[in-house]
Amino acid sequence: MSENKTRYDVTGMSCAACQAHVEKAVSSLEGVSSCEVSLLTNSMQVTGSVSSEEVIKAVENAGYGASVADPSKRSSERPVQDRETAALKKRMLSSLIFLAVLMYFSMGVMMFGWPAPFGIGDNHVVLGIIEMVIAAVVMVINGKFFTRGFKAVLHLAPNMDTLVAMGSGVSFVYSIAVLFAMASGKAHGGLYFESAAMIVTLITIGKLLESISKGRTTDALKGLMKLAPKTAVILRDGKEVTVGIDEVKVGDVFAVRPGGSVPVDGIIIEGSTAIDESALTGESVPVDKNAGDRVSAATINRTGFIKCRAEKVGEDTTLAQIIKLVSDASASKAPIARIADKVSGVFVTGVMIIALAVFVIWMMTGAAIESALTHAIAVLVVSCPCALGLATPVAIMVGSGVSARNGILFKTAASIECAGKTTIAVFDKTGTLTKGVPEVTDVITANGISEDEFLKIVFALESGSEHPLGKACSDYCRSRSTGILQIEDFKAVPGRGVTGKINGMTYTAGSYSAMGDKITKDFEGTVIRLEEEGKTPMFFVSENGLLGMIAAADAIRPDTPQAVQELKDLGIRVVMLTGDNERTAKAIGRAAGVDEVIAGVMPDGKEEVIRKLQEQGKVMMVGDGINDAPALTRADTGVSVGSGTDIAIDAADIVLMKTSLRDVAAAIRLSRKTIRNIHENLFWAFLYNVLLIPVAAGAYSALGLSMSPVFGAAAMSISSFTVCMNALRLNLVKLYINKPSEEANEKKTTIREDKGMTKTMKIEGMMCGHCEASVKKALEAIEGVQSAEVSHTEGTAVVTLSGAVEDGVLKKAVEDKDYKVISIS
């Protein structure tokens, strides 16, 4: 039987010990290769060849319930359903009402002489019976502690409920024994009925606070789910029909009006618009879309009317996949959680042994049984395995939610932990550090061949190429209206080039390393010059010799230098990996600001480079292409950028929905903050128990430090709540550094001091982020414009120039976009 991954909903878990027992029971089954149980989402993920019936039976034999998760609710209701909070509120209110009455009799009447009905204030036996009945009612209201606690004991898997049930139950039974002695006149001791009732009430209050705070940790996931449109406008027989989102099928044509939400993933077949994709990518500036462009579910149509053909619906949409990734990451287990799991597995049993030992030791020292029981019960109720179990998952849930809101998707909890340990970041050049759209810059022919004839051969060879440089050549030839020749026996050799026959003659295109022996000496100087300019030369030869050379340049992304600097500021060494020759690679590496350039690497050699770098530290690989997949898999953390291929995305541990490389540093920052938060949670959970169990046991009684069971129950309730609230602080983490590095600031200041290098334009008519993007794009398309900082709120565009540009050129570019230029200074 082949291995498969199945998710289950688990019921009856209340603490980390429960989680550990379920995991142990399922992991012991033959055929199970891995089992991850989440206390936060009450779910379990089992990988292996075992049947669902066997898994469910193992869970039930351990004293809990399980069922296969409903696939239809996988990415919507199941991960964040809150079934407990409402029930806990009812339990808490009912318990508090009866507890108030109980405290009136036990404290008010018996201790302070408050009036009692029917003149029973002086009859301690009758008052004791009333207290017993009311306490019993409170304990019945909170009966789950007792049924689950003692059921766990029967399965030899005691949990938090066991500790609560024993603490409350022992107080109640002891008080009944004292009450009988009082009735027979043999003794007159203190009654602890109010303690029995207050222990379960306080724990219920703590559980309610924990449930509410746990619910808040899933706010990001809930927010993503709320984005999912409920209806769609489908075109049927030329008419618009509004249908439920579940009725949309692949191939249906749907319409989206301005302000409307795109219902499913599709491709525009008519119209143009600006789409706000911030819900999926975190990018606030709308993206221009035209016929042939793809749109995703839950994005907002800002301007035009469009018609689209549905390509992905239901669980296949981008939004559904994001929700699935966030949910899976939250339900998975980080390696750091193993420490807490090991402790939780023996924690409750250890506490029960300690409580028994405390009782025996106090009795041996001659203390009254009442005092010995008080200390033993305090030990039982103050111990909190819940905080240990929640320490990791709540932080992972919040962290993965925060990253998803910013367009960064961690696939597993392990990837969140591993990313923060990165010491070396390796970037593929083409399409990652650069735009991935090279453009032809130079055409040089040889041996007397005309440029037109040369380009016809180039077009024939490169028209079938999938390589970016090959596409750049074919696009250039197409733009020149170059005729195309018939090619036969076309063959592409990865990392080497292409070859084919034209009119019976063999022609080959390739890099300098592949064609070095056919390149004449008079070309070598030109090659060196082009490479030092960051251009990549491609050579074309026939059976008779060299035909010519085409050089293409792939500009680096605008944010690449800042992204690289941010990684350096985090103490990470940045390496660029490319198949380019060394001179071209170093020129691009200098522009990007990387620490090291590894050039001349064939596609199948990237994995070996990553393997060697791993000898020096934890390696993160960032790439986007099919040939990056093996390296992404080999790296400690693989990162795929949003424009990457499906294969690269599948191989990666982290997916960046945007193409901004600053998200790499943001992912590492979030990872480090999340792991630090987990460390804080674990430290608190362990420290809490290390400090308070000895106090509850009476170890410091000689110093006047002791704890009653009631205060122990209150402390236990607060501990889990504290862990959840600490995890919520991750919502305040600043993922992006707005201020550039000191070096970048110095460069910026130098440029602005030279008044000839910047121009400020006053512009009227800009109303939104889309207007900003339109003006920015128009200005930066002008030769000599290095960058443009546009603000619609201030009505300005600050243009940084790399050369001389006339004011009239800047003005025309903006006014062609229907905005009015007031002044240029």
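Guide: We begin with a term. A crossing of two helices is left-handed if the near helix is turned anticlockwise from the far one by less than a right angle, and right-handed if clockwise. Keep in mind that this is a predicted model.

Visitor: Which hand does the crossing of helix 13 and helix 25 have?
Guide: Helix 13 and helix 25 cross in the right-handed sense.

Visitor: Which residues meet where helix 13 and helix 25 pack?
Guide: From helix 13, the residues include Ala 387, Leu 388, Ala 391 and Gly 399. From helix 25, they include Leu 670, Asn 677, Ala 685 and Phe 686. By class, this contact of helix 13 with helix 25 has twelve nonpolar, six polar and no charged residues.

Visitor: On to sheets. How do strands hold together in a sheet?
Guide: They pair through backbone hydrogen bonds, either parallel or antiparallel. Take the open sheet of three strands with the order 10-9-12. Its pairing is antiparallel. Strand 10 and strand 12 stand at the edges, each with a single partner strand, so one side of each has no neighbour in the sheet.

Visitor: How many bridges join strand 9 to strand 10?
Guide: Three bridges join strand 9 to strand 10, residues 287-289. Ala 274 has Asp 288 as its bridge partner in strand 10. Ile 275 stands opposite Val 287 in strand 10. Strand 9 also pairs with strand 12, residues 300-301, over two bridges. There, Ile 275 has Asn 301 as its bridge partner.

Visitor: Where do the side chains of a regular strand go?
Guide: They alternate between the two faces of the sheet. In strand 9, residues 273-276, Thr 273 and Ile 275 are on one side, with Ala 274 and Asp 276 on the other. These four residues are all buried, and both faces of strand 9 are covered.

Visitor: What is the strand order in the open sheet of four strands?
Guide: The order is 28-29-27-30, with antiparallel pairing. Strand 28 (785-791) and strand 30 (820-824) stand at the edges, so one side of each is left without a neighbour in the sheet. The twist averages 25 degrees from one strand to the next. Strand 28 pairs with strand 29, residues 796-801, over six bridges. Among the residues of that pair, Ser 791 has Thr 796 as its bridge partner in strand 29.

Visitor: Which helix lies across strand 27, strand 28, strand 29 and strand 30?
Guide: That is helix 29, residues 807-815. Helix 29 runs at about 155 degrees to strand 30.

Definitions and conventions
Residues are numbered from 1 along each chain as its sequence is written. This is a predicted model: local features need pLDDT of at least 70, side-chain atom pairs count only at pLDDT 80 or more; totals for chains, interfaces and linings use all residues. Side-chain values use heavy atoms; hydrogens and water are left out. Contact means heavy atoms within 4.5 Å. Ala, Val, Leu, Ile, Met, Phe, Trp, Tyr, Cys and Pro count as nonpolar, Asp, Glu, Lys and Arg as charged, and the others, Gly among them, as polar. Buried means under 20% relative accessible area, exposed over 50%, partly exposed in between (1.4 Å probe, protein chains only). Two strands pair if DSSP finds at least two bridges between them. Axes are lines fitted to C-alpha atoms, for helices over the stretch in contact, and angles run from 0 to 180 degrees between N-to-C directions.
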